[in-house]
Amino acid sequence: VKYCLQCATPVDWLVPAGDHLPRHVCPGCGYIHYVNPRMIVGCIVAWQDQVLLCRRAIDPRAGFWTVPAGFMENNETAAQGAARETLEEANAHVEIESLYAVLSLPHVSQVYLLFKGQLREPIFGPSPESLEVKLFHQHQIPWDNMAFASVRRALQSYFDDRARDQFPTRYHDIVLTGERF
Ligand SMILES: [Zn+2]
């Protein structure tokens, strides 16, 4: 933020009275520009014993694999957002079953809410955001070409839980040192 979003005055960088962190503060109108973590919503989508993955068409991590996920929009529920991302990125209609994983990523100031769900029918395909969309058996998952450590971690616990046929909601801190993804 360089200019106040309210009145376009150049902003200062200081700790507001009563706060404990520096913020961009407008010296003209007093508006404080808070920046807080963003929410990513997505889904581990199953069809029988396979899982749907998308190969990213866009940066970051173009060419690498992930589950359908993206920034939550205003005025939607988290589950609606996960289904919307699945439709946008994989051209697939998913029946959301339950919240499966909450992942906290302090290095990028993001929180992931990943649901689990089932394809309503085995129909899916690429999109402007995905070069390829495919179903994978567990032994076919491209672990070394996953886009994000967070999604890799969630998928690993998903297969562990599937082996036990129990899917409690999992919480993972993803703390990366020296790596961005
Ligand atoms: Zn202002």
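Which protein donors hold positions 2.2 to 2.4 Å from the zinc ion? Select the zinc ion, then Cys-4, Cys-7, Cys-26 and Cys-29: the SG atom of each is a donor. Donors are N, O and S atoms within 2.8 Å of the metal (3.2 Å for Na, K and Ca), with water not among the atoms, so sites may look incomplete.

This is a predicted model, where local features need pLDDT of at least 70, side-chain atom pairs need 80 or more, and totals for chains, interfaces and linings use all residues. Residues are numbered from 1 along each chain as its sequence is written, and side-chain values use heavy atoms, without hydrogens or water.

Along the chain, the donors follow the spacing C-x2-C-x18-C-x2-C. The angles among the 4 donor atoms are 100 to 119 degrees, and the site is tetrahedral (four donors with all angles between 85 and 135 degrees).

Cys-4 is buried, at 5% relative accessible area. Cys-7 is partly exposed, at 35%. Buried means under 20%, exposed over 50%, and partly exposed in between (1.4 Å probe, protein chains only).

**Select Val-1.** Val-1 sits in the segment before strand 1 (12–14). Its relative accessible area is 46%, so Val-1 is partly exposed.

**Zoom out to the whole protein.** Color by secondary structure to find 2 helices and 11 strands. These are DSSP runs numbered from the N terminus: helices are H or I, at least four residues, and strands are E, at least two. The C-alpha atoms fill a box of roughly 60 × 30 × 30 Å along the principal axes. Of the 181 residues, 41% are buried.

Key:
Four donors count as tetrahedral if all angles lie between 85 and 135 degrees; four count as square planar and six as octahedral if opposite donors are over 155 degrees apart and all others between 65 and 115; anything else is irregular.
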